Amino acid sequence: MTMQARSGVRPDGVLGRAATLTGQVVSEGIAVGTAFVLAEKLTVPRHDIPESEVKAELVRFDAALALSRDQLVTLKKQHIGAEQAVRILESQLLILVDPLFMGEVIQRVDADHRNAESVVSDVVDEFTRSFEAMEDVYLRERAADVQDVGTRILRNLMGAEFPTLDRVGPETVLICHQLSPSDVAYLSTQKVLGIAAEVGGLTSHAAILARGLGIPALVGVTEACARAATGQIVILDAVEGRLIVAPTHEQQLEYQTVKKRLAMSKDKLVAAASLEARTRDGHELAFRANISVPAETSSLESMGAAGVGLFRTEYLYMNQQRPPTEEEQYRAYRRVVEAAGPAGTIIRTLDIGGDKNVSYLGIPKEANPFLGWRSIRFCLDTPDVFRTQLRAILRSSAHGPVRVMYPMITSIEELRQANQHMSEVRHELITEGYSIAPDVPVGVMVEVPAAALIADQLAAESAFFSIGTNDLIQFTMAVDRTNERLSSAFEMLSVPVLRLIRMVAEAAQAARIPVSCCGEVGATAEGFLLLLGLGIREFSMNIFSIPQLKQIARHVEVAAAQEIVHRALSCATTAEARALVQRYTGPILAQIGE
Amino acid sequence: MISAKAVVRNALGIHMLSAGAIVETCNRFKAKIWLQKGKRKSNARSILDIILLESPPGTQLTIEADGEDEREALDALLALFDRNFGEK
């Protein structure tokens, strides 16, 4: 093993050759280290067995099960205290003795006269497919546990060696087919600099774990296990999405510099985050945070956020069996309002439905949930739920500046109906003796083309606008943003979307009300520049993007942004518009990176 | 054979841990035990079969038990559902 590790020779005797592989970044960063290739894929032997050997085959299977059990029990003992690992191992012990799983294997060996390895492999595949067909993403990914147990049984049947993370040396880049749940626990204690997995997605165990531990990681690195060998030097570039096997000396030096620069520019950005965001031609901009849970407010100050621009309240309603009570909501809103302080908080009323469903609210399954009974439509039809939320929001206004916005507004009638509830609830609270702020401005989230087209009328009855770009793009382009085949059509830089945003910004300016943008497109250099040129001066985005966007803001001129938008609006294709914007943003990004 | 209805009320619904708790409870008894959701029936001693029922919070299940200690088994399972499988 150590010989292999030093020479970089694969088990089949072939020296891993220099290669650059690509993958998807799931946890950003750069690592230069020694490869440790884990769990190369097993080749399962498949053959018939004569009837006379069925009994012996079942005895062999039984022995493999017993051995697997002993191994899992030992692993569990080694992890006492690591609660998550112990739970995973306990679940795997139950899978190992699952009557359905094991019964199926025994029955097929007996009836089909096939060797145990091929039957175990088939049954695991069938369970994996059933798991992957489930709706719940978390349950779907538990297919990995079934596969993990299956692989263990197979290895024991075949007498194959277990490559475990125990042998991981220092300064290691872990390369695996798929990070298995029973490996999870090791990573926190071992010196793993980076991870490259052949399969997995953003919500896979490997990805979640890597982000949580701050370890750079790539997934979807096809053939990584075959192309890299344990002991070889590798560079994991989880910024550009590359795994470089056996890099040249020059490449190694180059990446050590890139790594240092990345760390320095991150530190520099965060250090400058609290400075104001003024453009080169003197326009003052506001950057606020989009949050989903009160705990996120702990980073407001260090990331330089000017308060909360979007508190998505639906997360209070999820993972529950009933709607949150007025008191529960009040406590959550108050916590956010107090943390945001004088910079203020914008609370969005319940935006449920679409891709966010809550079983107890009784929203039926619909053919087109994004166009369905959701959001403000649901709230206006279930006044009990809506008014409880409005009461809690108004009560939180006693603790700092609060604004409220309604999502998915498509007509003046909806706005008036919602405001009617608001004024009745305000009256109730005052009668009951609650102290609430005299002024709680109410605004409209403009995220449906219908609202953009009547922005002038809505502006007359709103205190502010906030443009929700994700839904606005989706509805304007008639593109379901969760549909992978259409994802390239989900495009901020398209002219129709820009024109709608311009209408909204102009209507807001004419009515002298503030207009902000709370979609993630504002967190990209290109999107930010276009929005700036269209007249947006307030931005709300995920908290960790704020330092970089503030830095970009300090390098741009509003006059230039206006000129670029003017030309982009007449571009015939999105590619032209993009090239136009990038000619301006490219040099700025390069300058900030240094 | 006896049966009773139970509602899943823990935050995550029936997932690995809650399914494991059900299997461990069943293993203390001799009776045959099933969980039924709509038309689909699962062997309550099989962690995989239970998970494949797909029971998010709010799901109503029928628990069936058959055997000499069916009453004790059913009571123990109902108590487990009531305790939200020992979760918060």
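Analyst: Let's begin with a caution: residues 1–15 of chain A keep a pLDDT under 50, and the model has 17 contacts beyond four places in sequence for them. pLDDT is the predictor's confidence in each residue, on a scale from 0 to 100, and two residues are in contact if their C-beta atoms, placed from the backbone, lie within 7 Å. Where pLDDT is low, the predicted coordinates should not be read in detail. This is a predicted model, in which local features need pLDDT of at least 70, side-chain atom pairs count only at pLDDT 80 or more, and totals for chains, interfaces and linings use all residues. As for labels, residues are numbered from 1 along each chain as its sequence is written, while chains are lettered from A and ligands numbered from 1 in the order in which they are written.

Chain A as a whole averages a pLDDT of 86, with 87% of its residues scoring at least 70. It holds 24 helices and 17 strands, where helices (H or I, at least four residues) and strands (E, at least two) are DSSP runs numbered from the N terminus. Of its 594 residues, 42% are buried; that label takes 20 or more other C-beta atoms within 10 Å of a residue's own, 12 or fewer makes it exposed, anything in between is partly exposed, and the C-beta atoms are placed from the backbone. Among contacts in chain A with a separation of 6 or more, 68% join residues 24 or more positions apart.

Helix α19 (residues 469–477) and helix α20 (residues 495–511) have axes that come within 10 Å and cross at roughly 125°. That angle makes α19(A) oblique to α20(A). For the record, angles under 35 degrees count as roughly parallel, over 145 as roughly antiparallel, 65 to 115 as roughly perpendicular and the rest as oblique. The axes themselves are lines fitted to C-alpha atoms, for helices over the stretch in contact, with angles from 0 to 180 degrees between N-to-C directions. The handedness of this crossing is right-handed, meaning the near helix is turned clockwise from the far one by less than a right angle, with anticlockwise giving left-handed. On the α19(A) side the residues are A:L472, A:I473 and A:T476, and they meet A:P496, A:V497 and A:L500 of α20(A). By class, that contact has five nonpolar residues, one polar and no charged; Ala, Val, Leu, Ile, Met, Phe, Trp, Tyr, Cys and Pro count as nonpolar, Asp, Glu, Lys and Arg as charged, and the others, Gly among them, as polar.

The loop between α19 and α20 of chain A contains A:A478, whose phi is positive at about 55° although it is not a glycine. A:A478 has 8 other C-beta atoms within 10 Å, so it is exposed.

Further along, helix α21 (residues 525–533) of chain A is another story: nine of its nine residues are buried, so it is largely enclosed by the rest of the structure. The buried set includes A:E526 as well as A:F528 and A:L529. After α21(A) comes A:G535, with a positive phi near 110°.

Then we reach A:N542, in strand β17 (residues 538–542) of chain A. With 15 other C-beta atoms within 10 Å, A:N542 is partly exposed. Beyond neighbours within four places in sequence, A:N542 touches A:N290, A:E520 and A:A523. The C-alpha atoms of A:N542 and A:S292 are separated by 9.8 Å, though the two residues sit 250 residues apart along the chain.

Finally, the partner. Chain B averages a pLDDT of 93, with 99% of residues at 70 or above, and it runs β-α-β-β-α-β-α along the sequence. Its contact with chain A takes 19 residues from chain B and 22 residues from chain A. On the chain B side, α1 (16–26) and α2 (47–52) each supply at least two residues, and α2(B) gives the largest share, five residues. That side divides into 10 nonpolar, five polar and four charged residues. For the complex, the predictor gives an ipTM of 0.91 and a pTM of 0.57.
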